[in-house]
Amino acid sequence: MVPLLDTNAQNLPLKAELNAAFDRVLHSGHFILGGEVTAFEEECAAFLGAKHAIGVSSGTDALVVALIALGIGHGDEVICPSFTFFATAGAISRVGATPVFADVCPVCFNLDVASTREKITEKTKAIIPVHLFGQSAEMYALQALAKKHGLSIIEDTAQAFGAKYHGKSCGTLGEFGTYSFFPSKNLGALGDAGLLVTNDSELAETARAARNHGSKIRYLHDFVGGNFRLDALQAALLRIKLAHYPSYSAARSANATAYTDALSTIDGITVANESDCACPVSQNAKLKSEGARAVLPVAYGHNTHIWNQYTLRILDGQRDNFREHLKTAEIGHEVYYPIPMHRQPCFRDLPEASLSNCPVSDTLAREVVSIPAYPELSPAQRDEVIAAIRGFSS
Ligand SMILES: *Cc1c(COP(=O)(O)O)cnc(C)c1O
């Protein structure tokens, strides 16, 4: 039996440190924002190389705060990938704006720039690229597009804390980068928590007000924000885990390398080809290689991938059989994500232009499956996963 994720394997070895942090907060009597949150914000800003970091209540709320701070609301359109976790799209609707879904690349799973360009209208105010599964989207091309059309970029970095694009931390290239510390993310809290970063001091100030009912001075409200504040306790616990974070990322990366090395020797399993990436160029995405039955994920040379998920594509309509096989072998796995945003019931009344032309998202929703890659996975467990996959292929 190998679980998809084992949070206890990461948290319990830190029990003494976590308990000490709890005691510190308990005795401080200060439970929301305050010194622990400020210290955590400063440590994150330094770690990511951002000017400002703002702790908030979740990754979803980080997106909402970023949209509010940019003044995005009714009548505005925001483009995001159809193939993502729901929160990316939900946050856009929550502030009253219209989500517009662009398609993604079948190689890196991220926003397809040509598809994004096609979806821009007079009403477009921002693009939200998602660094899905821990690898950066094609930011230079998206930045050029944003600049040309006067758009803001909010990077949904929920799955890519500390991942890099050409040496820069994901989340620090747009107007805002947003992060989640949901327990299954690479830096996981013991509850809900999130963060946003920006290099713009004015935007930082507005975001700080937005997380606290639009207020800079007590009981004086410049605009309507919300309660999106981070708890001192989560900040204190996260500070401990942040200190260990580089070792977590190294272990995930070692797991990914070991998977790719072993699985790519199996007949019919190929590694995705970086040169087929459809993101920066306006060409038809190459969906599969000759004779391949399964495709392994690839980390691009210019990216530091942090492997929030190790996600395979199982071709020829075999994904659900593959899942059955893993289930029998007691290998934890999950489909991230089975229903793309342009097919969600809650978005069915959006204009046709929001929902059209996302064929790669549809394909990926049918093909992807993620296998255990968490840092504490032992070599023996990894071998168990590899053996199970080998069993399906033969
Ligand atoms: C997890 C996640 C979020 C939301 O984070 P929460 O902290 O759960 O609110 C947003 N976007 C993506 C891509 C995510 O994976």
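**View 1. The lining of the second largest cavity holds eight nonpolar, four polar and no charged residues.** Here Ala, Val, Leu, Ile, Met, Phe, Trp, Tyr, Cys and Pro count as nonpolar, Asp, Glu, Lys and Arg as charged, and the others, Gly among them, as polar. This is a predicted model, where local features need pLDDT of at least 70 and side-chain atom pairs pLDDT 80 or more, while totals for chains, interfaces and linings use all residues. Residues are numbered from 1 along each chain as its sequence is written, and side-chain values use heavy atoms, leaving out hydrogens and water.

View 2. Among the lining residues are Phe109, Leu132, Pro297 and Trp307. A cavity is a set of points on a 1 Å grid over the protein atoms alone where a 1.4 Å probe fits but cannot get out, and lining residues have an atom within 4 Å of a point. This one has a volume of about 60 Å³, counted as the space filled by probe spheres set on the points, which are joined across faces, edges and corners.

**View 3. Thr60, Ser180 and Lys185 are among the residues that come nearest to the ligand.** Oxygen atoms of the ligand lie 2.5 Å from a side-chain N or O atom of Thr60, 2.6 Å from one of Ser180 and 3.1 Å from one of Lys185.

How values were computed: 1 Å grid on protein atoms, 1.4 Å probe; cavity = no way out; pocket = protein on both sides within 12 Å on 5 of 7 lines; lining within 4 Å. Near = heavy atom within 4 Å. Polar contact = N/O pair within 3.5 Å; in protein donor to acceptor, adjacent residues only side chain to side chain.
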